[in-house]
Amino acid sequence: MLCLSPPCAPHRHVHVHLHHRPPPAASCRNARGPAVALCLRTPATPEERRQQRRRVARLPDASAASASAAAPALRPPATAPAPAASPTPVAERRGRLREMRRLWWVCGVGYWVQGFRCFPWLAFNFHLARGLALGPAALQLVQNAGNLPLVAKPLFGVLSDAVYIGRAHRLPYISIGALLQLIAWGTLAIIPVTGDTFPTQMACILVGNLGASVTEVVSDAVVTEFSRTQKAGVLQSYAFIALAAGSLLGNLSGGYVLLKTQEPKIMFTAFSVLLGFQLALSLGTKETLPSTQRNTRSCLVTSSLAANLRKQFSNLMTAISEERIFYPLTWIMTSFAVVPILSGTMFCFQTQYLKLDPSIIGLSKVVGQVMVLSLTVLYNRYLKRIPLRHLIAGVQMLYAVAVLSDLVLVKQINLMLGIPNEIHVLCFSALAEAIAQFKVLPFSVLLSSLCPPSCEGSLFAFFTSGLVFSAILSGVFGVGLSTLIGVSSVDYSNLPLGILLQSLAALLPLGWISFLPEKWTADEMVVMQR
């Protein structure tokens, strides 16, 4: 730095004074290297003037040398190459939301396919009733026997909670369930649908229902996990709407296709294609669940399989033994088990005695699913504010009245009122079934609010398997009742008595309605933060 000082004294000579010292810190804070101070005085003699000119001539060289010596210190330090930019928190959050939406697509498609299973089952029931000419009791026994794999749902729930496959414990099981169903219905689409292959057909039905039970259990567990972070009842309503939408389209298209083609194998093939799409979607989706992120870093993954299963079974038994869970489970299961179901008998009466077209049967199921959709929306808007005990008591009494609609059809009272059989079946045949299906929704919301963490699959698998087992018992009681009163494919004279007994039995669960919480409503659910 070059500093020009004022004249030091009023002399007439010039004195050039070079001194290499750093300036004061207060005046030159950013100096780099030595500074040059120059004091100018008026020279007195010619010799001094010559010396001054020589010294000033050397001054730029000295300054340049000083600057070159200081140059390395002025260079900016070498910087290391910047690392690759990591995703920002916003980008990571968006990625997780995309994966979560894709996971919900998998669950929504799973529930929709579960409802659409009525499409091939409608063809299979008509094959049993018309192709093989099974009677009411035999048809109902075959239907209930096919549902036996659904009773094993608790095992699949425990496996999905405790056993991880490739750092995931939900989506791999959905893929396995879809694959088992694809194998079963694909085989039914290939083999001849005759009486000689009936054992193979039953084996395929058992394998298909086994795969369906796995998929249903895992889908219920996913809904339960996410329901802790959402508004009360929203996700359960979403699942019921997807299920009802699949049933609606399945029954609507099933009756039409069966009426036009009279060929069950076409419907089996179409359903197999849909199962292939579900399998591809589940395989191409990454699992992003709270339990997955939590347990992949815990000892649950590294411990032995036997220890995981023992721990999960212990957690399940602990959850079930709680009174607030045990008593509602007991009520809902017994409310189905004590009512003898005459669904197979009514199906044979409508198709063999009244000679109704398959399209009418399918459309009646469509109307029933529209009722389920309407009741689900109504529950999500208004009914969930009603205390559970009062709500279920009203639903149960409404179910007992709806059963009597079959009595009107069997006694042909509708014809006396000028209502054709087709219109009555279309409007009222599926009413009782729709109410029974809707009755499960409030209990799903209740159990979602009470379910302990990491026990979602196990508890809901036990819940759904208990419902299936109750339905099987109800079907067996229905077969026994129809046999006891002498109902057969050629004699339906005593069927009104069976329907009347069924309606009276539907009122029995009101005797232990105190098992349900008196003041609990869905609005009391606490939304937990993930």
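**Close-up 1. F268, a buried aromatic residue.** F268 counts as buried, at 1% relative accessibility. This value, like the others in these legends, is computed from a predicted model. W185 is buried as well, with a relative accessible area of 3%; both residues thus fall under the 20% limit for burial.

**Close-up 2. The ring pair of W185 and F268.** A pair of aromatic rings is described by the distance of the centres and the angle of the planes. In the predicted model, 13 aromatic pairs are counted. One of them joins W185 and F268, with 5.4 Å from centre to centre and 45° between the planes, a tilted arrangement. Because W185 belongs to helix α6 (residues 171–190) and F268 to helix α9 (residues 264–283), the pair ties together parts that are 83 residues apart in sequence.

**Close-up 3. The aromatic cluster that includes W185 and F268.** Ring pairs link W112, F116, F119, W185, F268 and F271 into a cluster.

**Close-up 4. The ring pair of Y379 and F438.** The ring centres of Y379 and F438 are 6.2 Å apart and the planes stand at 75°, so this pair is edge-to-face. Y379 lies in helix α15 (residues 358–381) and F438 in helix α19 (residues 431–438); the pair links distant parts of the chain, 59 residues apart. Both Y379 and F438 are buried.

**Close-up 5. The charged end of K439 and two rings.** The charged end of K439 sits over the ring of F336, at 4.2 Å from the ring centre. The charged end of K439 also sits over the ring of Y399, where the distance to the centre is 5.9 Å.

How values were computed:
Residues are numbered from 1 along each chain as its sequence is written. This is a predicted model: local features need pLDDT of at least 70, side-chain atom pairs count only at pLDDT 80 or more; totals for chains, interfaces and linings use all residues. Side-chain values use heavy atoms; hydrogens and water are left out. Rings of Phe, Tyr and Trp (its six-membered ring) pair if their centres lie within 6.5 Å; planes under 30 degrees apart count as stacked, over 60 as edge-to-face and the rest as tilted. Helices (H or I, at least four residues) and strands (E, at least two) are DSSP runs, numbered from the N terminus. Buried means under 20% relative accessible area, exposed over 50%, partly exposed in between (1.4 Å probe, protein chains only). A charge sits over a ring if NZ of Lys or CZ of Arg is within 6 Å of the ring centre and within 35 degrees of the ring normal.
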